[in-house]
Amino acid sequence: MPSEKTSRWRALPRWCGGLALVALAALAGHQVAMQTGLARLRDAADHRLDMLATGLDADLARFDYLPALLEMTPIVPALLGTPSDAGLRDAVNRYLDGVGAAAGAEMLYVLDAAGTSLAASDWDRPGTTVGQDLSFRPYVIDALSQGRGRFYGVGITSRRPGYYLSYALRRDQPTRGVVAVKVNLEETERAWRKLPGDVLLIDQRGVVILSTRENLKFRPLLPLDGLQRAEVLRSRPYGEAALQPLQWRRTEALARDVQVVALDGQDQLASARSLRGAPWQLVVLDEMAPLRLAARNGAITAALAMAVLLLVAVTLWQRRRAERQKLANQAALQAAHDSLESTVVARTSELRAAQGELVHAGKMAALGQMSAGVVHELNQPLTAMRTLSESAGILLDHDRLDDVRGNLQRIRGMVDRLARLTSQLKTFAHKSELPLAPIQLARSIADAQLIVAEALKEHGIAVEVDLKPPTLGVMAEEAALGSVLVNLMRNAVDAMQQAPRRTLRLAAQSQNGRVLLAVSDTGSGIPADILPRLFEPFVTSKPAGSGLGLGLLISAQLVRAMDGTLRASNPPEGGACFVIDLPAAATQE
């Protein structure tokens with residue numbers, strides 16, 4: 001136990017070092033993935049800002065030619081000179097409508113030096129500016145005082161936001177009037193929605209005037225101060241908007257125009273660009289959540305890679321250590337082998353001697369049991385021969401020579417049968433091929449039945465034979481087949497000694513060039529634990545001393561030698577059934 005604790009304490013620095021390496025790899029992976037993602041995101045944002053700013057500047061600058069065009073048109077200066085001329089005003093209205101349609105402006109109108117609208121392109125539509133006093137609007141004030149004005153706001157009469165450009169008409173001093181153009185930027189805003197991320201256009205007060213998200217429009221980034229609120233109330237650029245400040249908080253500055261902000265509780269990468277033609281800023285927003293997820297995945301990947309490298313290093317170290325240990329173990333085993341070799345040789349000789357004695361004892365026991373079985377098999381033919389010989393003597397005294405000759409022929413048949421029975425001992429002792437010949441099944445069954453006739457009679461067993469056809473024949477060796485049938489019939493007799501109904505049935509039929517001979521009884525059947533190993537040596541259901549468990553093994557070997565099979569089963573109707581499968585004789589037809 002002390003040595004185990006000491007080993008653990010020694011391993012602790014290595015574990016701490018490994019964990020530190022994994023943590024450093026995770027940190028490095030997170031930083032690399034974060035910086036790479038930020039660089040990629042910033043490049044994409046710069047590209048979008050370039051494209052959006054260029055397009056918006058171009059949209060705002062394409063109306064710079066209008067003041068000169070209108071100043072060179074005689075009817076416009078004429079209307080400024082005689083604003084009460086209804087016919088002249090109607091001509092200017094129609095002229096402005098045509099110019100606005102050609103230029104792509106939402107509205108084009110002319111104001112006098114006091115800021116009152118004299119003519120407009122929408123003179124014939126509801127909410128027209130004709131007759132409206134617009135002197136309070138910043139773009140009118142700037143045009144009258146500076147010669148040019150720009151303004152984004154909600155229309156006084158139309159209630160629609162737009163970008164207003166104003167130009168002073170001052171060919172003859174002093175300024176005689178102002179021409180104003182309203183540009184609709186809604187198409188530009190809709191085009192922004194097709195780009196990735198969100199886009200904001202922020203005016204000089206920090207109020208969002210265009211956005212791809214409707215909930216951000218006309219909301220300042222920060223609360224407006226008192227002066228800004230007073231100016232908004234005077235010029236009304238945002239209509240009736242509540243000017244609720246956004247939940248906008250800068251969390252990190254990455255560059256002069258790039259920062260991380262929290263908008264509505266979500267971190268965004270805000271990239272800004274100032275416009276050349278207006279005091280506004282374009283801002284594109286990209287969510288930081290995917291970038292941080294990628295950085296987290298990069299950290300996990302780096303940590304796993306480092307863990308794998310450490311595992312590989314530990315595996316290699318363990319392998320080298322195991323190889324050294326293996327060499328040491330081999331040396332120890334060799335020494336042990338050398339010391340035990342002499343002992344093994346001595347014990348081997350002792351075991352061989354003991355094995356020889358056991359084999360000899362086993363052979364003697366098996367030979368005794370087999371001898372008892374052979375004596376039992378030979379007893380009935382010998383008894384029959386004795387009866388026939390005594391009968392022949394009596395017949396000879398009565399000069400019945402033909403009957404004597406018949407008894408002698410039966411005795412010769414019995415002698416041949418005894419010879420065939422004793423030949424099975426050679427089959428048990430030696431493995432040899434049996435010569436096969438066509439044999440009538442009816443004859444073999446009758447011979448076997450004759451041998452066990454006394455046992456059948458003693459136990460009151462009825463025998464049923466069903467051969468289809470009766471002339472059915474098989475390719476077999478007569479003595480071997482007879483021995484198998486006698487063994488199966490004798491086992492059936494033993495199984496039915498206590499059965500209430502005692503019937504031994506032998507049924508055979510031809511099937512696909514083979515003959516299936518079923519030997520079934522009405523006994524108690526084969527025990528379930530013995531059935532799978534029934535044809536193994538020394539397996540028997542008989543009481544101790546009643547059998548060696550070799551009969552079925554020898555029978556199965558004899559059937560295999562005749563190119564057949566022997567199998568056993570317990571039929572549903574009860575009892576046991578043994579099926580002999582042998583080749584059909586070619587002459588059975």
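**Charged side chains in a predicted model**

Author: In this predicted model, local features need pLDDT of at least 70, side-chain atom pairs count only at pLDDT 80 or more, and totals for chains, interfaces and linings use all residues. Residues are numbered from 1 along each chain as its sequence is written, and side-chain values use heavy atoms, with hydrogens and water left out.

Reader: Which residue forms a salt bridge with R48?

Author: A salt bridge is a side-chain nitrogen of Lys or Arg within 4 Å of a carboxyl oxygen of Asp or Glu. For R48, the closest N and O atoms of the pair are 2.6 Å apart, and the partner is D286.

Reader: How many residues apart in sequence are the parts that R48 and D286 tie together?

Author: Helices (H or I, at least four residues) and strands (E, at least two) are DSSP runs, numbered from the N terminus. R48 lies in helix α1 (residues 2–61) and D286 in strand β11 (residues 281–287), so the pair joins parts whose separation in sequence is 238 residues.

Reader: Is R48 buried or exposed?

Author: Buried means under 20% relative accessible area, exposed over 50%, and partly exposed in between (1.4 Å probe, protein chains only). Because its relative accessible area is 6%, R48 is buried.

Reader: What is the relative accessible area of D286?

Author: The partner of R48 in the salt bridge is D286. D286 is likewise buried, with a relative accessible area of 9%.

Reader: Which strand holds R505, the partner of D466?

Author: The side chains of D466 and R505 meet in a salt bridge at 3.3 Å, N to O. D466 lies in strand β13 (residues 462–468), and the pair ties together parts 39 residues apart in sequence, because R505 lies in strand β15 (residues 503–511).

Reader: Is D466 buried or partly exposed?

Author: The relative accessibility of D466 is 24%. D466 therefore counts as partly exposed.

Reader: Which residues are linked with R213 in a network of salt bridges?

Author: The structure holds 17 salt bridges. In the network that includes R213, the linked residues are D198 and D264.

Reader: Which helix gives the most to the positive patch?

Author: The positive surface patch is formed by R14, R320, R321 and R324; patches are made of residues with over 30% relative accessible area and no salt bridge, like charges being joined within 9 Å and nonpolar side chains (Val, Leu, Ile, Met, Phe, Trp, Tyr) within 5 Å. R320 is exposed, with a relative accessible area of 56%. The element that gives the most, with three residues, is helix α8 (residues 289–397).

Note on methods: Accessible areas come from the Shrake-Rupley method with a 1.4 Å probe; for residues, only the protein chains shown count as cover. Lys and Arg count as positive and Asp and Glu as negative; His and the chain ends are not counted. The place of a charge is taken as NZ of Lys, CZ of Arg, CG of Asp or CD of Glu.
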